[in-house]
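Take a moment with the sequence and the fold. Then read on for a short walk through the chain.

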Amino acid sequence: MTRWLEIGPGEERLEGTWITLDVVARPGLVDHVCRWGDAPFPLPAQSLDLVSASHVLAHLPWHPPLLALREAWRVPAPVGGLEVHVPAPPVPPAVALLVF
């Protein structure tokens, strides 16, 4: 069985077999309540196929991102994955040419 974890599910559940984790309990939307970076996830190590956090890392206080990422990396299986999306400011075209 495929098991995926979405950290910070927003307002709707994703389609599929997603488990959700958020800092606020919301019945029917959030499966586990936990402050990412402050406490371990209530999930066993290497028990998931994918951990996804889209635009959530930027909302953590400045000090726990490394702990948060370490915890997010603990729960995927050895062949699982970790997907983290962070907001990025628009890149001016001149800078984009230099960088890419």
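A contact means heavy atoms within 4.5 Å. In the protein chain, residues 24 or more positions apart account for 51% of the contacts with a separation of 6 or more.

This is a predicted model: local features need pLDDT of at least 70, side-chain atom pairs count only at pLDDT 80 or more, and totals for chains, interfaces and linings use all residues. Residues are numbered from 1 along each chain as its sequence is written, and side-chain values use heavy atoms, with hydrogens and water left out.

Start with the elements. The protein chain has two helices and five strands. Helices (H or I, at least four residues) and strands (E, at least two) are DSSP runs, numbered from the N terminus. Along the sequence the pattern reads β-β-β-β-α-β-α.

Now the sheet. Two strands pair if DSSP finds at least two bridges between them. The five strands form an open sheet, ordered β3-β2-β1-β4-β5, with parallel pairing. At its edges lie β3 (32–33) and β5 (76–85), each pairing on one side only. Strand β2 (residues 18–22) joins β3 in the parallel sense through two bridges. D22 has V33 of β3 as its bridge partner. Helix α1 (residues 65–74) packs on the sheet and touches β4 (48–54) and β5. The direction of α1 makes about 140° with that of β5; axes are lines fitted to C-alpha atoms, for helices over the stretch in contact, and angles run from 0 to 180 degrees between N-to-C directions.

Last, burial. Of the 100 residues of the protein chain, 32% are buried (under 20% relative accessible area, 1.4 Å probe, protein chains only).

Technical notes: Buried means under 20% relative accessible area, exposed over 50%, partly exposed in between (1.4 Å probe, protein chains only).
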